[in-house]
Amino acid sequence: MKRLDQKIAVVTGSSRGIGAAIARRLAADGATVAVVSRQAPGDAVVADIERAGGRAAAFTGDVSDAASVAALVRGIVDRFGRIDVLVNNAGIAEYRSVGELDRAHFDTQFAVNTWSVVAMTQAALPHFPKTGGHVVNVSTSLVHSPGTGLSVYTASKAAVDALTRAFAEELGPRGIRVNAVAPHITRTDMTADLPPDVLADEQARTPLGRLAEPEDVADAVAFLASNDARWVTGRSLLTDGGRM
Ligand SMILES: NC(=O)c1ccc[n+]([C@@H]2O[C@H](COP(=O)([O-])OP(=O)(O)OC[C@H]3O[C@@H](n4cnc5c(N)ncnc54)[C@H](OP(=O)(O)O)[C@@H]3O)[C@@H](O)[C@H]2O)c1
């Protein structure tokens, strides 16, 4: 018996990067996975999962848009019947100096990174079993030590940490646990343009001596999404190799 056998897991932003690793890991733990992305469908991730003997299907939708979220969750529930695990991983990080900040940038960062957590959790809520469910949000280590050029991104993720604690409080009585992971620099498309000297410096400052791979974050998510974390809720787990 695998620890997520019989479970239905939804992973937003799982066509690539950290989300793809989370989808593959939850499927390896026995879950049937809804692989959600905005543009290109996550067919390659579904194929990986099926090749490994797991079950998955790809869905597209914009998690920052209420109508799209409603249609997305309806499609997932029509296909799989319910939701046991929701991983709110989809996110974008746009660099802007303080002088370049404007309302459009602020609104986009908060819509994709923060509102999506509200909209997806709310839409999934009626479809969690009566016995409860698990939500795992993806925050960032920058919440603990913000870097230059990512102020609004960091604020949007600090709000995700606040939502994690507040939702855990409110949904705990229904048996729904809500936690987060907070990765530091992880090798994905999001960090592919960082200069080599920045990456070398980050690696040198990381006690465990390397940068994170998506699988390092995915394994922590799999723990929080499982019954092994049954007494953990309202927490944000730093997955940073000790960097913070
Ligand atoms: N990489 C890091 O170093 C790092 C560190 C800390 C936190 N994080 C957080 O970890 C999460 C995953 O990051 P990543 O590096 O794996 O990113 P990534 O490689 O850029 O992948 C982002 C994923 O999110 C999806 N997505 C973006 N906007 C969406 C929307 N509006 N609706 C639905 N899906 C959307 C993308 O789908 P499309 O391909 O269709 O656009 C893609 O599947 C993000 O929340 C990020 O902020 C990353």
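## Sheet, cores and pocket of a predicted model

Thr121 is buried, since its relative accessible area is 2%, and the cut-off for buried is under 20%. The structure described here is a predicted model. Thr121 belongs to helix α4, which covers residues 103–124. Leaving out residues up to four places away in sequence, Thr121 touches Leu86, Asn88, Ser116, Val135, Phe167 and Leu171.

**The sheet**

Seven strands form an open sheet with parallel pairing, in the order β3-β2-β1-β4-β5-β6-β7. The edges are taken by β3 and β7 (236–239); each has a single partner strand, so one side of each has no neighbour in the sheet. From one strand to the next, the twist averages 20°. The parallel pairing of β2 with β3 runs over 6 bridges, and Val36 has Phe59 in β3 as its bridge partner.

| Helix | Strands in contact | Angle between directions |
|---|---|---|
| α1 (residues 17–28) | β1, β2, β4 (85–88), β6 | about 170° with β1 |

**The nonpolar cores**

The largest nonpolar core has 32 residues. Val10, Phe59, Ile76, Ile83, Met120 and Phe128 are those with the most contacts inside this core. Elements giving two or more residues to the core are the strands β1 (8–12), β2 (32–37), β3 (55–60) and β6 (176–183), together with the helices α3 (66–80), α4 and α5 (151–171). Another core, of 30 residues, lies apart from the largest one and includes Ala9, Ala21, Ala31 and Ala225.

Which residues are in contact with Phe59, leaving aside its neighbours within four places in sequence? They are Ala34, Val35, Val36, Ser37, Leu72, Gly75, Ile76, Arg79 and Phe80. Among these contacts, Val36 is also the bridge partner of Phe59, and Ile76 is also one of the core residues with the most contacts.

**The largest pocket**

The largest pocket has a volume of about 1,200 Å³. It is lined by 47 residues, of which Ala93, Tyr153, Thr188, Met190 and Thr191 are the closest to its centre. The elements that give two or more residues to this lining are α1, β2, α5 and α6 (196–204). Helix α1 provides the largest share, 3 residues.

Notes
Residues numbered from 1 in each chain as written. Predicted model: local features only at pLDDT ≥ 70, side-chain atom pairs only at ≥ 80, totals over all residues. Heavy atoms only, no water. Helix = DSSP H or I, 4+ residues; strand = E, 2+ residues; numbered from the N terminus. Buried < 20%, exposed > 50% of the residue type's maximum accessible area, 1.4 Å probe, protein only. Contact = heavy atoms within 4.5 Å. Core = buried A, V, L, I, M, F, W, Y, C linked by side-chain atoms within 4.5 Å. Pairing = 2+ DSSP bridges. Axes fitted to C-alpha atoms, helices over the stretch in contact; angles between N-to-C directions. 1 Å grid on protein atoms, 1.4 Å probe; cavity = no way out; pocket = protein on both sides within 12 Å on 5 of 7 lines; lining within 4 Å. Points joined across faces, edges and corners; volume = space filled by probe spheres on them.
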